[in-house]
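My entries follow the model shown here.

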Amino acid sequence: MRSAVAGLELLEPRSVNEALRMMRDRGPATPLAGATDLYVHLNSGTLKPRRFVNRWALDELRRIASKRDGLSIGALATFTDCLRSPLVRRRLPMLAAAAREVGGVQIQNRGTLGGNVANASPAGDALPVLAAAEALVVLRSTEGERRVPFSAFYTGYRSTVMRADELIVALEIPPVAGKQWFRKVGTRLAQAISKVVIAAVRDARPRIALGSVGPTVVRVPRTEEALASGASIEQARRILEAEIKPIDDIRSTAAYRRRVAGNLLACFWKETS
Ligand SMILES: Cc1cc2nc3c(=O)[nH]c(=O)nc-3n(C[C@H](O)[C@H](O)[C@H](O)COP(=O)(O)OP(=O)(O)OC[C@H]3O[C@@H](n4cnc5c(N)ncnc54)[C@H](O)[C@@H]3O)c2cc1C
């Protein structure tokens with residue numbers, strides 16, 4: 001049954017600092033971005049938080065800017081913002097490719113990059129991109145700011161190092177050299193959550209990240225090392241299939257995911273050669 005809206009409280013900060021003070025002084029208070037994930041819980045009656053901090057009007061969190069030769073993407077940037085940004089399309093085309101395949105247009109217009117990261121689903125489509133690009137998660141509280149390497153942000157299934165008084169304010173992406181590649185495999189192209197999703201960068205140090213094949217998004221260092229040291233794609237594929245830990249769930253089976261991940265690795269290697 002749908003959660004009752006009457007008992008919920010919505011706080012409307014006018015600045016990021018005010019939002020952070022609300023989270024500190026009036027907690028527990030859950031940050032709200034596009035609400036595309038939170039509404040699912042509201043609709044199914046599984047929404048636990050009662051007080052929300054609505055940051056949708058805080059445009060300062062929506063900026064996409066050049067940072068040296070890399071990028072800084074505000075946490076409130078939507079998938080549509082990412083798709084339309086010439087900077088993203090030029091410097092991080094694999095993020096534009098991922099944004100194009102998230103949900104339908106309505107979800108792309110409301111769903112944010114920060115929400116995708118904070119929601120911590122192993123199937124989040126932007127997560128392999130950020131993992132392969134070796135992004136930094138910029139977290140801010142009233143006490144200050146810290147930058148967490150993407151590889152250290154997730155601690156397990158749907159858990160992160162983020163504290164209850166912290167907000168993700170931006171994702172910082174260092175310059176990415178080499179060819180970028182993204183592919184999502186789902187039941188159909190639109191409105192389907194990934195069965196397997198991969199983002200990869202090909203240069204002297206290949207970087208490969210996959211979603212939906214473990215409790216969190218994963219990098220595959222043994223596969224990366226094999227490719228960097230000249231192993232054949234068949235050898236690398238066998239290493240990858242042993243390295244990932246997919247499970248059977250409502251969307252797919254472990255065996256299918258393992259096979260598809262291997263196929264995707266081979267496609268990446270062929271199409272970027
Ligand atoms: C029909 C449908 C289709 C979808 N398809 C896809 C898909 O194809 N691929 C995909 O990856 N996802 C998909 N999603 C999931 C969802 O749209 C994305 O995860 C989206 O990026 C969530 O962003 P949001 O701004 O709506 O987050 P919200 O729903 O506002 O928040 C999600 C969670 O993150 C927290 N949060 C949000 N922003 C911050 C922040 N800046 N700092 C700290 N915590 C924060 C919230 O408190 C909440 O716990 C789909 C959802 C729906 C309903």
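Entry 1: Helices here are DSSP runs of H or I of at least four residues and strands are runs of E of at least two, numbered from the N terminus. I note that this is a predicted model, in which local features need pLDDT of at least 70 and side-chain atom pairs count only at pLDDT 80 or more, while totals for chains, interfaces and linings use all residues. Residues are numbered from 1 along each chain as its sequence is written, and side-chain values use heavy atoms, with hydrogens and water left out.

I then looked up which residues come nearest the ligand, and they are Pro-31, Gly-34, Thr-36, Asp-37 and Thr-112, out of 34 around it. A residue counts as near if one of its heavy atoms lies within 4 Å of the molecule. By class, the shell divides into 16 nonpolar, 12 polar and 6 charged residues. In this scheme Ala, Val, Leu, Ile, Met, Phe, Trp, Tyr, Cys and Pro are nonpolar, Asp, Glu, Lys and Arg are charged, and the others, Gly among them, are polar.

**Entry 2: oxygen atoms of the ligand.** I listed distances from a ligand oxygen atom to an N or O atom of a side chain. The distance is 2.6 Å for Thr-36, 2.6 Å for Thr-112 and 2.8 Å for Lys-184. The protein covers 88% of the 990 Å² of accessible area that the ligand has on its own; such areas come from the Shrake-Rupley method with a 1.4 Å probe. Strand S2 (30-32), H2, helix H6 (105-110), helix H7 (113-119) and strand S10 (167-173) each give two or more residues to the shell.

**Entry 3: the second largest pocket.** I found a volume of about 300 Å³ for this pocket. On a 1 Å grid over the protein atoms alone, a pocket is an open set of points with protein on both sides within 12 Å along at least five of seven lines, a cavity is a set where a 1.4 Å probe fits but cannot get out, and lining residues have an atom within 4 Å of a point. Points are joined across faces, edges and corners, and a volume is the space filled by probe spheres set on them.

The pocket is lined by 14 residues, with Leu-8, Leu-10, Leu-32, Tyr-39 and Phe-52 nearest its centre. Of the lining, 11 residues are nonpolar, 1 is polar and 2 are charged. Helix H2 (38-44) supplies at least two lining residues, as do strands S1 (9-11) and S3 (51-54); H2 gives the most, with 3.

**Entry 4: the cavity.** I found 1 cavity of 30 Å³ or more. The largest cavity holds about 30 Å³ of space, and its lining includes Asp-69, Gly-70, Leu-71 and Arg-91. The lining has 6 nonpolar, 1 polar and 2 charged residues.

Entry 5: Strands S4 (residues 64-67) and S5 (residues 70-74) pair in the antiparallel sense over 4 bridges; pairing requires at least two bridges found by DSSP. Lys-67 stands opposite Gly-70 in S5. In this hairpin, with 2 residues between the strands, Arg-68 takes a positive phi near 50°, and Arg-68 is a residue other than glycine.

Lastly, I recorded a cis peptide bond joining Gly-27 and Pro-28, with omega about -5°. Pro-28 sits in the loop between helix H1 (16-25) and S2.

How values were computed. Polar contact = N/O pair within 3.5 Å; in protein donor to acceptor, adjacent residues only side chain to side chain.
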